[in-house]
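Please load the model in your viewer and keep the selection tool at hand.

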Amino acid sequence: MDPLPAGDQPTLRGAGLRLRPWRDDDADAVAAACQDPEIQRWTTVPVPYRHEDAAFFVGPLARQTWAEGGALFAVEGAGGLLGSMGLHHLVDGLGAVGYWTVPAARGRGVTSEALRVLSRWLLTERGAVRVELVAEPANTGSCRVAERAGFRREGVLRSRMLLRGERVDVAMYSLLPADLLPGVG
Ligand SMILES: CC(C)(COP(=O)(O)OP(=O)(O)OC[C@H]1O[C@@H](n2cnc3c(N)ncnc32)[C@H](O)[C@@H]1OP(=O)(O)O)[C@@H](O)C(=O)NCCC(=O)NCCS
C-alpha cells in the first residue's frame with residue numbers, strides 16, 4: 001500500500017489551465033458535459049447520466065478518491081470548466097488515469113496538456129513509478145492525447161474492459177519516470 005498523501009488535494013498548473021479539486025457547485029457543469037455522446041460512448045460514466053450522478057462524482061466520490069490515494073481534478077481555464085482528469089488509484093506505485101473534455105474545448109491541446117501536468121505530478125511528487133491509461137484503439141482522439149503527453153503504446157489487451165455490458169479490446173499506454181528525462185523517447 002502506498003503512503004496516503006498528507007493534507008488537502010492541491011491545485012496543479014499548466015499552460016492555460018489548472019487542475020483543481022472538484023467542488024459541489026461543479027455538479028451542473030458536469031451533468032451538462034456528460035450528456036455528450038462521445039463521453040457516453042468512450043468512458044464508463046453512467047448512461048443515462050443524471051444530475052445526481054454528477055453530484056456524487058464531484059462530492060462524495062472525489063473526496064473518497066483523495067482519501068484512498070487517488071485524485072479527481074476539474075480542469076479549468078479562463079472561461080470555466082474544460083474537463084475532467086483523474087487518477088483513479090495509486091497502488092504499489094502504479095497509477096491509472098482517465099479523462100474527458102467538454103465538446104467546446106476540444107481540438108486545442110487541452111487534454112494532452114492536462115494529462116502532461118497530472119502525470120508529471122504523479123511521477124515527480126506522488127512517488128508513482130508507472131502511470132498508465134487504456135483507450136479503445138478506435139478512440140483515435142484519446143490515443144493521440146496519450147502519445148502527445150509522452151505515453152508509450154505497449155500493445156492491445158484483448159477483451160480487457162467491460163464497457164456497457166460488452167467486452168472490448170484496449171490499447172495500453174504507460175509513462176515511466178525515465179520517459180521524462182531529456183533525450184529519452
Ligand atoms: C478524446 C478527447 C479527450 C480529446 O480531447 P482534446 O482536448 O480534443 O485533445 P487534444 O486537443 O489534446 O488533442 C491531442 C491530439 O489528439 C488529436 N485528436 C483529438 N481528438 C481527435 C479525434 N477525435 N480524432 C483524431 N484526432 C484527434 C488532436 O488533433 C491532437 O493531435 P496532434 O498531437 O497531432 O496535434 C475528447 O475528444 C473527449 O473528451 N472524448 C470523449 C471522452 C473520451 O474519449 N475520453 C477518453 C476515454 S479513454
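The stops below cover the ligand, its surroundings and one arginine.

The model is predicted: local features require pLDDT of at least 70, side-chain atom pairs count only at pLDDT 80 or more, and totals for chains, interfaces and linings use all residues. Residues are numbered from 1 along each chain as its sequence is written, and side-chain values use heavy atoms, with hydrogens and water left out.

The shell holds 23 residues, the closest being Gly-107, Gly-109, Thr-111, Ser-112 and Arg-144.

Next, display the side chains of Ser-112, Arg-144 and Arg-148. A polar side-chain atom of Ser-112 lies 2.7 Å from a ligand oxygen. For Arg-144, the distance from a side-chain N or O atom to an oxygen atom of the ligand is 2.7 Å, and for Arg-148 it is 3.2 Å. Taken alone, the ligand exposes 920 Å², of which the protein buries 73% (Shrake-Rupley method, 1.4 Å probe).

Then colour by DSSP runs (helices H or I, at least four residues; strands E, at least two). Elements giving two or more residues to the shell are α2 (37–42), β5 (94–101), α4 (110–124), β6 (130–135) and α5 (140–148). The largest share, 6 residues, comes from α5.

Finally, select Arg-20, located in strand β2 (residues 17–21). Arg-20 counts as buried because its relative accessibility is 4% (buried: under 20%, 1.4 Å probe, protein chains only). Its side chain makes a polar contact with the side chain of Asp-26 at 2.8 Å (N or O atoms within 3.5 Å, one able to donate a hydrogen and the other to accept it).

Terms used: Near = heavy atom within 4 Å. Buried < 20%, exposed > 50% of the residue type's maximum accessible area, 1.4 Å probe, protein only.
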